[in-house]
Every structure is written in structure tokens, then in C-alpha cells.
Amino acid sequence: MEFKYELHCHTGCVSRCGRVEPEEILKLYKQQGYSGIVVTDHYSPMTFTPNWCPQKQIDFYLEGYRRMKAAAGDDFTVLLGMELRHYFTANDYLIYGIDEDFLYNAGNLMNVWEREVFNRCRREGYLVYQAHPFRTGIRRCNPDYIDGVEIYNGKTNKELNDKAYEWAKDNNKLMVSGSDFHVVKNLAKGGIITHKPIKSNADLLEILKSQDFKMIRNY
């Protein structure tokens, strides 16, 4: 049996560039035969107002994840992730394995740059991936400060995704695929297919580390 999971998804109630509410996203992905979603809303200066105190707005940040999880039932997995952007950069980092307590206790993660974020996540057992690393305006991170690379992004063209794959391979990094869902036309463009169900962050991290999955790449 195979299971499909979306690993890059933004909800309309949290990410300002998102246009679909979490309950509708859930419905759409179930219709596409997916077994779960990791909600990776933007943790960035575009999300928080005022953006220098995100730690006081974590309940707002968690709304999309919480609403989707509440609507999901027992037959669909909804996990918490994030797409982090620091101040004064266009770089984005997908972080997997986090929980609510981490966000409540982390302070302002936009003010903590790649090396420190990576070290914090490494201590907690989380994984950090650079998202869509060859888009215009993005700087490739020092490979020492990431675990992996998003080598397929559903909103990025094949040429740039292929460059991301080569960069990940050259640096011996973990690889992942995600739709980068914001609007309905991004639906089910990416993700992973596994032979084991993912029910928890521990399951997700184990599968991502093993690379025992197939990439979904729907151009």
C-alpha cells in the first residue's frame, strides 16, 4: 500500500499569500488521494504584525494547523511544520518535526540566522531544508547549516528544480518535494509517496532521514 503526503502547504488564514482556508485544503487533498499534510505556514515578516514580536502571536500562527487538524479526523494526518524567513533576506527554510511548545518558547526566530536556527533544530532532532534555493533573489545557504534541500517545488520551473537537485546531490543533502500550495492551481503538485503511514512527527523524521520514499513531481 502507498501513502501520499504534502510537505509544503500554506493556509489562507495565516499566510498572507495563501488563498484557501484549511478545511477546504483538507477536502481537496483528500480528493486527490493524499494521506496527510504538513502545514508549513510562513513564519516571516510578511506574517506577523508587528513583526518584531511573533512570540506573542503564536496562537494566530497556529490557527491554520489547528483548524486543519481538528477537521481531519482519524484517517488523515496533519502535522505542524514551518517555512521560516529571517529579516532582510528572501531565503526560506522548511523545518520539520517541530511542535507547539517549540514555537511558544523559541522567541523571535526571524531574528536568529541560519547557523543558530540549525543548531537549535539539531538539538531538538528537527530537520531544516532550504526551500526552492534557485529562485530569483535567493542565496544558497552554507550547506553546513541545513539538513536538506527542496529539490522539487510545485511553483518552480523544471530548470531551477533540476539545479536544486544537483546542488543537493553535490553536497550530499537530504532531498524532499512539496507543492508549495497557496492556491487551488498548486494542488497536489508535489510531496512524497511512502510505503509506511506517517502518523506523527517521529514517523515523518524517520522517513525523511531514510529517504525511503518516492518524490511527487507534477509539472
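Select H42 to begin. H42 sits in strand β3, residues 42–43; strands here are DSSP runs of E, at least two residues, and helices are runs of H or I, at least four, both numbered from the N terminus. This is a predicted model, in which local features need pLDDT of at least 70, side-chain atom pairs count only at pLDDT 80 or more, and totals for chains, interfaces and linings use all residues. Residues are numbered from 1 along each chain as its sequence is written, and side-chain values use heavy atoms, with hydrogens and water left out.

Is H42 buried or exposed? H42 is buried, because its relative accessible area is 7% (buried means under 20%, exposed over 50%, partly exposed in between, with a 1.4 Å probe and protein chains only). Now show its surroundings. Leaving out residues up to four places away in sequence, H42 touches H10, S15, C17, T47, Y61, E83 and H182. Contact means heavy atoms within 4.5 Å.

**The cores**

Next, select Y29, Y43, M82, I95 and L103. Among the 53 residues of the largest nonpolar core, these touch the most other members. Such a core is a set of buried Ala, Val, Leu, Ile, Met, Phe, Trp, Tyr and Cys residues joined through side-chain atoms within 4.5 Å. Another core, of 19 residues, lies apart from it; Y96, L127, V176 and L204 are among its members.

Go back to M82. Beyond its neighbours within four places in sequence, M82 contacts V39, T40, D41, Y43, Y61, Y93, L94, I95, I98, L103 and L109.

**I98**

From that list, pick I98. I98 lies in the loop between β5 (93–96) and α4 (100–105). With 0% relative accessibility, I98 counts as buried. Its contacts, not counting residues up to four places away in sequence, are L80, G81, M82, L103, Y126 and N201. Draw a C-alpha to C-alpha line from I98 to L80: the two are 6.4 Å apart in space and 18 residues apart in sequence.

**Backbone stops**

Most residues other than glycine have a negative phi, and most peptide bonds are trans.

- P50 is in the loop between β3 and α2 (58–61).
- Select H132. H132 lies in the loop between β6 (127–130) and β7 (148–153). H132 counts as buried, at 5% relative accessibility.
- Select Q211. Look for Q211 in the loop between α7 (201–210) and β10 (214–217). Q211 is partly exposed, with a relative accessible area of 28%.

**The whole chain**

Zoom out. The chain has seven helices and ten strands. Its C-alpha trace spans about 40 × 40 × 30 Å along the principal axes. A compact globule of 219 residues would have a radius of gyration near 17 Å, and the 16 Å of the chain agrees. That radius is taken over C-alpha atoms, and the globule rule is 2.2 Å times the number of residues to the power 0.38.

Colour by burial: of the 219 residues, 57% count as buried. Then turn to contacts. Among those between residues at least 6 apart in sequence, 70% join residues at least 24 apart.
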